[in-house]
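Me: I've got a protein model open and I'd like to work through it with you. Can we take it one piece at a time?

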Amino acid sequence: ESDGSSVDKEATRAALLSERPNDVARTKEFWDKIQTETEAESFLQDYRSRAEARLAELDGGAADDEGLRDELEAVLSVPYDRQLAKLTATGALRPILDEYVPSDERRDFLSRHSAVLLEGLELEHLVPDPDGPVGVDDLGPELREVLAAEWTPGDGGGGDGASPSSSSAGEPRFRIEMIAYGSDLYGTDRAAAARRMYRLWNEHRSSRARFEESFFRKGYLGLEEDGKKRTAV
């Protein structure tokens, strides 16, 4: 992360999306180095040391490789503590950032930490409403039992304008409303961070999908079928 003054964001984005996908071995090698704060600190110290050594070579007269000096200076200009904090946070979020994590592991992580990860995100909620378009027959069996038990005919937005047929019948009905998850803590820094993370993750996945599709169309990515690799044409 940087203050933006020394990083060409468009060039960085283009460079990241032009890289071929990492294979499983290289991906695992990276993630294994930042699983704990101690490992992340060791990885960062080694990375910065190599960056400083390469920059010293350039200062000594070595040929610059397509703006390598600017990239190294940009990396080293970010405070060490900030880089370490970001690496540690990234390691903690591996189950949702690592593309090769098994689906079961990702689902388990999301289930255990959903209260934090979803906090502040606007999600569809069923709100009691005598004139709502959603009836109990439109719900799954689990929701039907829970929401019907909570139903009272006076709930929701029916008010004085509610139609006699729907109100007097007392049949549970609902409308769909977008409500922030964990609204009692809405507006906190943690909620804002959760929203940013999900937005950036969605952007990353969309960009990656478009990039891989373009590589597939050009024949650079192969297909795997019945355990055998087949080159795309």
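Predicted model: local features only at pLDDT ≥ 70, side-chain atom pairs only at ≥ 80, totals over all residues.

Me: What is the bridge partner of Gly135 in β3?

Reply: β2 pairs with β3 (residues 173–180) in the antiparallel sense, over 2 bridges. For Gly135, the partner in β3 is Arg173.

Me: Is Arg94 buried or exposed?

Reply: Arg94 sits in helix α6, residues 94–97. Its relative accessibility is 16%, and the cut-off for buried is under 20%. So Arg94 counts as buried.

Me: With which side chain does the Arg94 side chain make a polar contact?

Reply: Leaving aside neighbours within four places in sequence, Arg94 is in contact with Lys28, Trp31, Asp32, Gln35 and Val101. The polar contact between side chains, at 3.4 Å, is with Asp32.

Me: Which element has the lowest mean pLDDT?

Reply: For the protein chain, the mean pLDDT is 75, and 72% of the residues reach 70 or more. Among the elements, helix α5 (residues 80–92) has the highest mean, 92. The lowest mean, 40, belongs to residues 164–169, helix α9.

Me: How many contacts beyond four places in sequence does the model have for residues 225–233?

Reply: pLDDT stays under 50 over residues 225–233. Residues 184–188 also stay under 50, and there the model has 7 such contacts. For residues 225–233, the number is 12.

Key
Residues numbered from 1 in each chain as written. Heavy atoms only, no water. pLDDT = per-residue confidence, 0-100. Helix = DSSP H or I, 4+ residues; strand = E, 2+ residues; numbered from the N terminus. Contact = heavy atoms within 4.5 Å. Pairing = 2+ DSSP bridges. Buried < 20%, exposed > 50% of the residue type's maximum accessible area, 1.4 Å probe, protein only. Polar contact = N/O pair within 3.5 Å; in protein donor to acceptor, adjacent residues only side chain to side chain.
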